[in-house]
Amino acid sequence: MDSPAAGSLPQNPTSRTAGPGVELTKDQLVILSTLLQLLPPDTAPGGSEDAAAGETQKQAMEGEMQHGDPGTISAPTTPRREPEEPNSTAPAPSAAPAPTAPPAEPVPLEKKSPPPDRGGPRAPRPPAPRPVEEYGYIVTDQTPLGLAAGVRLLELLAAHVHLSSGSFINISVVGPAVTFRVRHNEQNLSLAEVTQQAGLVKSELEAEAGFQIMQTGVGQREEPSAVASAASAPGPGLGRPPGPAPGPRWVALTLVGVAGAAGLVVAVAVALAQRRHGHGRRKDRLAGLGPEGAAASADTTFEYQELCRQHMAAKSLFSRGAAGTEGPPGETSRVSSVSSQFSDAAQPSPSSHSSTPSWGEEPAPANMDISTGHMILAYMEDHLKNRGRLAQEWQALCGYQAEPNSCKVAQGPANLKKNRLPDSVPYDHVRIKLKVESSPTHSDYINASPIIEHDPRMPAYIATQGPLSHTIADFWQMVWENGCTVIVMLTPLVEDGVKQCDRYWPDEGSSLYHIYEVNLVSEHIWCEDFLVRSFYLKNVQSQESRTLTQFHFLSWPAHGTPASTRPLLDFRRKVNKCYRGRSCPVIVHCSDGAGRAGTYILIDMVLNRMAKGVKEIDIAATLEHIRDQRPGLVRTKDQFEFALTAVAEEVNAILKALPQ
């Protein structure tokens with residue numbers, strides 16, 4: 001069959017009527033169906049109806065070719081199953097035996113694209129939020145809101161929802177808002193439920209607190225401004241409105257708000273980075289402890305500075321009095337050559353506002369003569385060289401049992417969750433007891449043991465485990481009630497992916513643990529092995545304040561010993577220089593309060609006895625003495641051998657410093 005000329009449609013007995021006044025041949029139908037197949041359904045000429053007609057003719061032509069009847073146009077014998085549409089119908093097409101027959105009924109079209117949304121444009125689905133740590137907040141009309149007022153507000157809320165005030169943890173004041181978290185409680189109230197109850201009893205809280213509550217809710221505490229800005233949000237409900245987003249406008253506003261918050265975060269981060277690299281980094285950090293604004297920040301800074309000045313003045317008076325009784329002023333220690341690489345004269349002061357006492361040289365143990373020192377050194381070296389004797393002595397120590405040795409209180413059902421390890425617990429007859437009336441859990445138990453050196457009325461140390469997240473308030477209560485001013489920490493927070501100790505101090509600024517407000521005043525890295533932090537501790541009930549120092553040793557692995565005794569001996573000198581003249585116990589903790597803590601206490605106790613002129617030193621007997629007061633101190637033979645080596649090296653350094 002010849003192809004028709006362009007622009008002409010010759011009459012043909014086999015042609016079919018395509019519309020009024022136009023007839024198409026079979027070849028033309030094939031060409032037309034091919035062209036229609038190449039066009040998208042929504043862009044075909046003539047709209048959707050013409051496209052449907054073209055598809056119908058295409059299918060009719062294909063059916064005609066399959067049946068071999070040139071005079072009949074029919075639908076395919078086995079039509080494909082199409083997706084069901086609300087308005088679509090699929091009537092059977094009728095045959096057209098005559099050329100002049102009307103067009104066949106439309107055949108259902110195959111959908112090339114998803115149907116349009118008849119309910120209007122859909123809002124874009126918001127991205128799934130990342131898991132974040134959430135805090136409850138109560139925004140007031142007080143700018144700034146004092147910490148005492150915030151704590152009082154939470155106490156009133158606790159009374160209304162039938163919770164104890166100790167159920168609120170991680171309390172902080174941010175501008176006009178107080179933020180908090182809720183620990184597990186007997187009422188099984190979640191954070192969202194507590195904040196919702198706060199909104200329900202808003203009138204009662206306002207009447208009792210004496211100020212207005214603008215909003216309550218749940219959100220992040222990454223930026224104080226994000227919480228404070230909630231005061232301008234409409235409605236007194238929670239920070240997260242329930243239900244789906246109302247529409248695209250809400251999504252757009254949300255995106256604009258997120259972008260603004262992100263810009264604010266970047267601006268704050270840049271400003272903080274610039275301040276930290278300046279000369280006034282410590283002063284800026286101290287001034288930034290108060291988040292209530294410029295006026296409150298100045299008041300807080302003045303308060304911290306005044307306390308530190310009082311502390312330093314008292315320390316200076318004590319040092320001058322001690323110098324007047326011990327010897328002529330200006331006399332230097334002969335042990336300075338032992339730790340010359342950590343000479344204090346070459347080290348800058350940690351901070352002009354730090355409460356860390358200025359370091360003084362450790363005096364040489366004048367009560368130990370040369371002959372006694374050599375005898376002690378020979379005894380230590382013999383133990384280290386005679387491996388068999390060392391093994392026998394350690395085996396005998398492992399078989400030692402203290403009497404009495406009951407630990408029923410620590411292993412009671414109410415106290416099991418307060419122990420990091422079940423086998424590192426205090427004895428019943430010698431343990432630190434907290435005041436029940438001041439405890440958030442109304443219990444006197446904490447996993448800590450007093451270690452007495454010679455005076456039963458005055459413990460020299462408190463050996464304790466690294467605080468757990470739910471025992472941090474108990475830890476600071478123990479620090480306060482025992483008047484401690486020095487903390488020795490011998491473990492990193494996390495080692496090899498395993499948590500060794502929970503952070504019990506603020507990373508920057510201040511945090512409230514029950515009734516104890518802890519402020520990080522300064523943090524100074526002395527060397528790669530240890531650093532020193534100064535804290536300002538305040539009892540918000542009594543309004544008393546104290547300063548204390550934490551020495552954090554970083555180079556002691558959990559299941560081993562330091563590579564060298566030198567860093568630990570230098571670390572001990574720094575601790576003793578700060579502690580000299582105090583009458584309170586030193587808190588020593590690692591992860592379990594037994595292995596590393598026991599080794600440090602053993603080394604320090606032996607060297608202190610030598611400094612006091614004791615001529616008979618038995619390290620094994622000293623270890624039994626401290627194990628009578630807490631089980632498991634010095635866990636491994638390697639730790640015991642390390643203690644012997646440290647004592648021998650310190651005695652050798654002292655002998656070199658003494659006149660020959």
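## Terms and model

Buried means under 20% relative accessible area, exposed means over 50%, and partly exposed lies in between (1.4 Å probe, protein chains only). A salt bridge is a side-chain nitrogen of Lys or Arg within 4 Å of a carboxyl oxygen of Asp or Glu.

The model is predicted: local features need pLDDT of at least 70 and side-chain atom pairs count only at pLDDT 80 or more, while totals for chains, interfaces and linings use all residues. Residues are numbered from 1 along each chain as its sequence is written, and side-chain values use heavy atoms, with hydrogens and water left out.

## Count and network

The salt-bridge rule gives 15 salt bridges. A network of these links joins Arg566, Asp570, Arg573 and Glu650.

## Pairs within the chain

Helices (H or I, at least four residues) and strands (E, at least two) are DSSP runs, numbered from the N terminus. Lys612 forms a salt bridge with Glu453 at 3.7 Å, N to O. The two are 159 residues apart and link distant parts of the chain: Lys612 is in the loop between α14 (595-611) and α15 (619-627), and Glu453 in the loop between β7 (448-451) and β8 (461-464). Glu453 is buried at 11% relative accessibility, whereas Lys612 is partly exposed at 49%.

Arg533 and Glu523 form a salt bridge at 2.8 Å, N to O. Arg533 lies in strand β14 (residues 530-539) and Glu523 in strand β13 (residues 516-525), so the pair ties together parts ten residues apart in sequence. Arg533 is buried at 6%; Glu523 is partly exposed at 24%.

## A partly exposed pair

In the salt bridge between Asp382 and Arg389, the closest N and O atoms are 2.4 Å apart. Asp382 is partly exposed at 32%, and Arg389 is partly exposed at 35%.
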